[in-house]
Amino acid sequence: MPADESSAARGADRPRAFSRALTPPLLAGPLPGGPGPLAGLARRSRSATGSRRPPRPHGGAGGPGTPPRPRRGAGVRGTYERARRAWDRPLTAYYLILGAGLLITVLGLVMVYSASMIKALELSRPSTYFFRKQFLAAVIGAGLMLAASRMPVKLHRALAYPLLAGTVFLMVLVQVPGIGMSVNGNQNWIYLGGPFQLQPSEFGKLALILWGADLLARKQDKRLLAQWKHMLVPLVPVAFMLLGLIMLGGDMGTAIILTAILFGLLWLAGAPTRLFGGVLAFAGLIGFLFIKTSPNRMSRLGCIGASEPGPGDSCWQAVHGIYALASGGWFGSGLGASVEKWGQLPEPHTDFIFAITGEELGLAGTLSVLALFAALGYAGIRVAGRTEDPFVRYAAGGVTTWITAQAVINIGAVLGLLPIAGVPLPLFSYGGSALLPTMFAVGLMIAFAREDPAARAALAMRRPGARWKTMRRRVTKRPSGER
């Protein structure tokens, strides 16, 4: 190395060595002479060597490795935001309808088997008699639900008129002597041979929904719903015709559900308050007359909130339904361990299956059933509210009104809050005639949930082939310089 370069290097290293020599005593304590140039040099040396203490974490004391303490409420807000984002996903309604519908049906099969064992033995039948019939109906209903979920909306609209015509024809046949059958005082059944019977009025609910939705959708496309005569005619006359055929057989419970469907369609169509109130008052007057002229219906009305069977055991069924719920406790007496089904509670596997559920599965079981129906109702409202297709809106709203109103009437009667109307719990109670159209309606809702553009795109992305192609597309779009 040349002499000038070596002397320059030694001159450059001399202040650095001098500062290293002075740093330890300066850091050990204060200088005797007080602040001065050496103190400033010590401060500069301390900052240069990085001996400053690391900053304390925000939010509390802790060492350098201690993570910052989360602010109060951040975890709850974060959980709420994640739940809200998951709830607002495009496929939420699709999964709610599919999951809730299947869970209610499966749990209903279990409870039908448990609640009907003693009744089957009383009739000298095998203990699985009612369960096998319900299971067969559930298998057929599953096929109908799958078919309905795969049908396009145009095909559903095309089925409206044939279904309505066939239902009216069968409801007329019910009143023909030798063809129609009477069950528990109601002439609403057709004998099919063997142990099988058919109740056409259950299919009338589905027929009214599809036909009414198609009618209102076509009138909305032509901008005719602003006139009250186009809103009421022919929807209300056809609905009253169905109600008249049902009431000829004496089945007022089904007539109430059909009336609720009619009001739901009028509400979705935007009926004015005066018009809606007028139709409601007229239907209420007719219902009052039917109740007032029937001693049986008046006695059922008097059993609301009853705690004793009353004279002549007129409130026997209502009171023993409350007994079954009260004896269940929090978690029930166990599956199959009901006492009320041993001849004390009439119709334990049909109208009052919810009471047996409360006795065997307790409050936890009944709340689970209520939560499933609430999820199904919410999903139906969401499908009806987010669609742009008027037929889908009316049909989804009608199905939601049907299932929700029937569940409320059945559960309200079991709880003693409403009169006993004799309607089954949808998808849950025994009865193939009620199960088949209801499962088809659930498949209809699934098809409507799939028709949403965002849901259709999300379902397409869930296919393995589509996802693999998307990943390959992302890989090929990398910049050329990236490795």
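Predicted model: local features only at pLDDT ≥ 70, side-chain atom pairs only at ≥ 80, totals over all residues.
Q: At what angle do α15 and α16 pack?
A: Helix α15 (residues 353-386) and helix α16 (residues 390-414) pack at about 160°, and their axes lie 9 Å apart. Helices are DSSP runs of H or I with at least four residues, and strands are runs of E with at least two, numbered from the N terminus. Axes are lines fitted to C-alpha atoms, for helices over the stretch in contact, and angles run from 0 to 180 degrees between N-to-C directions.

Q: Why are they called roughly antiparallel?
A: α15 and α16 are roughly antiparallel because of that angle, as the term applies to angles over 145 degrees.

Q: Which residues make the contact?
A: Among them are Phe-354, Leu-370 and Phe-373 of α15, and Val-392, Arg-393 and Ile-403 of α16; contact means heavy atoms within 4.5 Å.

Q: Now the sheet: what is its strand order?
A: The open sheet has 3 strands in the order β1-β2-β3, with antiparallel pairing; a pair needs at least two DSSP bridges. The edge strands are β1 (180-183) and β3 (196-198).

Q: How many bridges join β1 to β2?
A: There are 4 bridges between β1 and β2 (residues 186-193), and Ser-182 stands opposite Gln-187 in β2.

Conventions: Residues numbered from 1 in each chain as written. Heavy atoms only, no water. Parallel < 35°, antiparallel > 145°, perpendicular 65-115°, else oblique.
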